[in-house]
Protein chains: 2
Amino acid sequence: MPSYYKYLDLVDQVDSFPNIATHPVAFAEKTADYSRFIHQAHTIGYIIPIVLDALKDTTLSGDWWTIAPGVVSLNGDTTEERTRNIEETTRRWREAKKFEILSGWRNEKYTVYAPKSTPCFYMERCATPLFGVLTYGAHMTVYIPATPTTPMRLWVPRRAAGKQTYPGMLDNTVAGGMGDGVGPWECIVKEAGEEASFEESYVREHAKAVGFLSYFYVRHDKAGGEIGLLQPEIEYVYDMIVKPEAEGGPVPKPFDGEVDEHMLMDVEEVKTALKQMRFKPNCAAVILDFFIRHGILTNENEPDYLEIYTRIHRRFEFPTR
Amino acid sequence: MPSYYKYLDLVDQVDSFPNIATHPVAFAEKTADYSRFIHQAHTIGYIIPIVLDALKDTTLSGDWWTIAPGVVSLNGDTTEERTRNIEETTRRWREAKKFEILSGWRNEKYTVYAPKSTPCFYMERCATPLFGVLTYGAHMTVYIPATPTTPMRLWVPRRAAGKQTYPGMLDNTVAGGMGDGVGPWECIVKEAGEEASFEESYVREHAKAVGFLSYFYVRHDKAGGEIGLLQPEIEYVYDMIVKPEAEGGPVPKPFDGEVDEHMLMDVEEVKTALKQMRFKPNCAAVILDFFIRHGILTNENEPDYLEIYTRIHRRFEFPTR
């Protein structure tokens, strides 16, 4: 293993599912033994073989699924029926300890969408990677701009050493998953309070929406749970400028035990930490996007510029919110 | 025709080629009578039927091409040979007045790439849409930030009424195609001088790289030349903050007759002009990206937010620079 990775290696970590446009053969090989999870004629996820086997076992999965060669669909004519059927399925799997990932049960519902932004069904957050369905989050980079004498500095949290997923790794200043019908703006305002103790009124005034990332993640060991589960994600991204503490700027503080400390790192320190793969993979991608939007990574200084940026702005085959 | 369009309608103008990931059937139908332009095993463009017919006519196209069902390749073992063969082909077509688009001959060479950023061949700029090959440009938005009493304002040029392509339409403050081996940074510095009379040293100090757009354009009537020619493009984008003229900020001035005037438009005026489709299509896309990066268009105020942003950050099947 090299002691320093390339930025593109970080993208490979987080966008690790082949793209049909650029790699049609790899896509065909990868998906050959997957089933498409469909709603009407639309692909809403992918089912890998270990999950398909569980769905076929009606003692575990009831008669809530229709399984055909290469295609799986969830029974139910209404959002409520489909929600109940996938709830029953995942609850039984959890009780039978069928999948390790379900030990992270949160009692938090994520929405899976049919076309035209209508909810197809709601499901337990931690079970979404079993079905390869698209999920949403919001991430914010809080930073102190450069001055003539000081480089730009970013507020970077270190995840708690005891956290189940990616313990001890570096993170974005604020980040959270979007569940329970909350939109990205309300999500980031709430998480900024819960994760970093930023005052709500300050965030509402200073946070700025700057786009989103989209990538298709295949879970690896540090994610916890089964390896190889599929997790396509859209992460809405926000920037927030703060002043230095000495000038009265707010300082992020750990609040709920998820974070051990918040560090103020200058751009060169962040670059080094990225290349040492010390950031959680999707948080690294958020910082690469930040670096590109802020002219820190450019065509002239980064040979993989085009690939990095398009890989983290992936167009999905799934209906979206 | 509605008097006001949606922002997504603007995206439909500029990214009008179906995406295989989201619309596999539309992609298959659209490309059914196209040939792939290949170099070794790589797709480097698409050839539409009227161009294929011209290639098959060896009195026009010599023996410089290999044509098989659904696949076309340019003969030549070296970059130089391939460059000569496509040069001879397009020169003969031009002399025979075979394609109207060749009347815009510029004597400017664009590079078409093989994998690993190596040049596959060089070709006349105006002929690139006949082969559906990927081309590159650089666009810059010059703006005066909002103050507590004044909204953000953008410098917007109006294209000369006598221009061959998109006469009288609104444009980005600075924009140009990337030919002759020039990178995007040098391109934007040069164009900022030629198109808007910005001083080189000012641009080098103040322009900031902020990413790029990528979209697959199918040429329509206002583009000039044959309708339906294919033009996949990557546009590197730059932002540049200037002060108001009253505070000594630089003012863009027409220089080479391509622009009739530069107007200072506030964000609401730009929004209205966008919705009236008064901007050149790809320039509209650059402004939508600017609006998203600057928190003017957000998830909360734009129902097509996700689709707009991913459509203008398309991942191409072609090798890139």
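User: Is B:Asn107 buried or exposed?

Analyst: This is a predicted model, in which local features need pLDDT of at least 70, side-chain atom pairs count only at pLDDT 80 or more, and totals for chains, interfaces and linings use all residues. Residues are numbered from 1 along each chain as its sequence is written, chains are lettered from A and ligands numbered from 1 in the order in which they are written, and side-chain values use heavy atoms, with hydrogens and water left out. Buried means under 20% relative accessible area, exposed over 50%, and partly exposed in between (1.4 Å probe, protein chains only). At 69% relative accessibility, B:Asn107 counts as exposed.

User: What is the phi of B:Asn107?

Analyst: Most residues other than glycine have a negative phi. B:Asn107, in the loop between α5 (79-95) and β5 (109-114) of chain B, is not a glycine, yet its phi is positive, at about 55 degrees.

User: Where is A:Met277, and what is its relative accessible area?

Analyst: A:Met277 sits in the loop between α9 (267-275) and α10 (281-293) of chain A. Helices (H or I, at least four residues) and strands (E, at least two) are DSSP runs, numbered from the N terminus. A:Met277 is buried, and its relative accessible area is 18%.

User: Which residues does A:Met169 touch, not counting residues up to four places away in sequence?

Analyst: A:Met169 lies in the loop between β8 (153-159) and β9 (174-177) of chain A. A:Met169 is buried, with a relative accessible area of 8%. Contact means heavy atoms within 4.5 Å. Not counting residues up to four places away in sequence, A:Met169 touches A:Pro157, A:Arg158, A:Arg159, A:Lys222, A:Met277, A:Arg278, A:Phe279 and A:Lys280.

User: Which side chain makes a polar contact with that of B:Asp171?

Analyst: B:Asp171 is in the loop between β8 (153-159) and β9 (174-177) of chain B, and at 10% relative accessibility B:Asp171 counts as buried. A polar contact is a pair of N or O atoms within 3.5 Å; within protein, one must be able to donate a hydrogen and the other to accept it, and residues adjacent in sequence count only if both atoms are side-chain atoms. At 2.8 Å, the partner of B:Asp171 is B:Arg159.

User: How much of chain A is buried?

Analyst: Chain A has 11 helices and 12 strands. The C-alpha trace of chain A spans about 65 × 40 × 35 Å along its principal axes. Of the 321 residues in chain A, the buried ones make up 59%.
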